[in-house]
Amino acid sequence: MSAENITRLEVNGKEIVLIGTAHVSKQSAEQVKEVIEAENPDSICVELDEQRYQSIVNRNKWKDMDIFKVIKQKKATLLLMNLIISSYQKRMGSQFGVQPGQEMIQGIQSAKETDANLVLADRDIQITFARIWHGVGFWGKMKLFFQMIYSFFYNEDISEEELEKLKSQDMLDAMLNDLTVNFPKLKIPLIDERDQYLSQKIKDAPGEKVVAVLGAAHVPGVKKQIEKEHDLSRLSERPKKSKTPAIIAWSIPILILAVIAYTFYANPSVGLQQSISWLLWNGSFSALGTAMALGHPLAVLTAFVAAPITSLYPLVAAGWFAGIVQAYMRRPSVSDFETLNEDVYSVKGFWNNKVTRILLTVVLANLGSTLGTMIGGADVVRLFIENL
């Protein structure tokens, strides 16, 4: 047993044992079992929320997913990001012959075996994603999304020894510094706020002795925050939506329509050029995104037709229409949902599974439409200025 991954604390007369783990490490899972057997705690805290806990204990959850509901509730991007993260962890876990999150699974099993209280100590992942998404801005969202896509395709093997080093303090500091450089605002909701949430839940766990199973990145923060009191209701609040994005979202189409309308009045031939430019840029980029997702030809056509219109009405998006058409034309079978957890393991499976194909269609069609709006809008303004 490696003592360097074990941290012992005394808080309010309660003995707390923190186990810093790597989420795809065989040694981490074995260490969790050994420590719990040796400590015989009253409570075992795991770095899971209710949603992730259910995904572990109910491996058939995908069978009950309504793909049309996912699209209509605007959750396609969130689900796709979750699947990309799952795929990345699953590939790493496969390399070392361990199930992703095995140390958390072991914590759950040990709680049953020792009759200890099981405490789900992490914040709702939906809240964490909402707070991350709220804080990074439009370009930050694009950068974060493509960074995750890159991590999915980047498949370089690392040694288990290197993976174990992720649990050392020095490597941890380097990781957090790198995270701060690339996404300065990401560290607060992803690490700092969850450190506060985890520390409070661990401190409030029943009994005099508590073992907490945490990813190594959270151990230093939990050690720092556990002496303080934290308001869990405040940490669980969804961020209030800013009015600025909505103002911008409505201002751009109003401006475009006003420019085209005035140009038509002043010079109908140039106004026609602007209209064609807007239609082609918007439709072509959205259709291209759908084609990149290997969408059905009708889904590609739908994206082309819908994008120029939906770009002028922010309450709807081209990807929703393309995704729904894709779902109707290539309706997922039961087997697609049953094998979803396995198919996301590979790039080929990700594109072949009808469920992920629909999600990719929605996301890439919307990205294409956004690019088309920027380029098409700029071209409309250019034609207007040139023909003043």
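**Notes on the fold and its confidence**

1. Strand β3 (residues 43-46) pairs with β4 in the parallel sense, over four bridges. Strands pair here if DSSP finds at least two bridges between them; strands (E, at least two residues) and helices (H or I, at least four) are DSSP runs, numbered from the N terminus. Within this pairing, Asn-117 in β4 is the bridge partner of Ser-43.

2. The model is predicted: local features need pLDDT of at least 70, side-chain atom pairs count only at pLDDT 80 or more, and totals for chains, interfaces and linings use all residues. Residues are numbered from 1 along each chain as its sequence is written, and side-chain values use heavy atoms, with hydrogens and water left out.

3. The open sheet has five strands in the order β1-β2-β5-β3-β4, with mixed pairing. Its edge strands, each pairing on one side only, are β1 (6-11) and β4 (117-120). From one strand to the next, the twist averages 20°. Helix α5 (residues 102-114) lies across β2 (14-21), β3, β4 and β5 (209-215), and runs at about 160° to β3. Angles run from 0 to 180 degrees between N-to-C directions, and axes are lines fitted to C-alpha atoms, for helices over the stretch in contact.

4. The axes of helix α14 (residues 297-310) and helix α15 (residues 318-329) come within 8 Å and cross at roughly 160°. That makes the two helices, α14 and α15, roughly antiparallel (under 35 degrees counts as roughly parallel, over 145 as roughly antiparallel, 65 to 115 as roughly perpendicular and the rest as oblique). Contacts (heavy atoms within 4.5 Å) involve, among others, Leu-298 and Thr-302 in α14 and Phe-321 and Val-325 in α15. By class, this contact has ten nonpolar, three polar and no charged residues; Ala, Val, Leu, Ile, Met, Phe, Trp, Tyr, Cys and Pro count as nonpolar, Asp, Glu, Lys and Arg as charged, and the others, Gly among them, as polar.

5. α15 also packs with helix α19 (residues 354-386), at an angle of about 155° and with the axes 7 Å apart; α15 and α19 are therefore roughly antiparallel. The residues that meet include Trp-320 and Gly-323 in α15, and Arg-357 and Ile-358 in α19. The contact of α15 with α19 has seven nonpolar, six polar and one charged residues.

6. The chain averages a pLDDT (the predictor's confidence in each residue, from 0 to 100) of 80, and 72% of the residues score at least 70. Among the elements, β3 has the highest mean pLDDT (96) and helix α8 (residues 169-182) the lowest (47). Over residues 166-178 the pLDDT is below 50, and this stretch has 17 contacts in the model beyond near neighbours in sequence.
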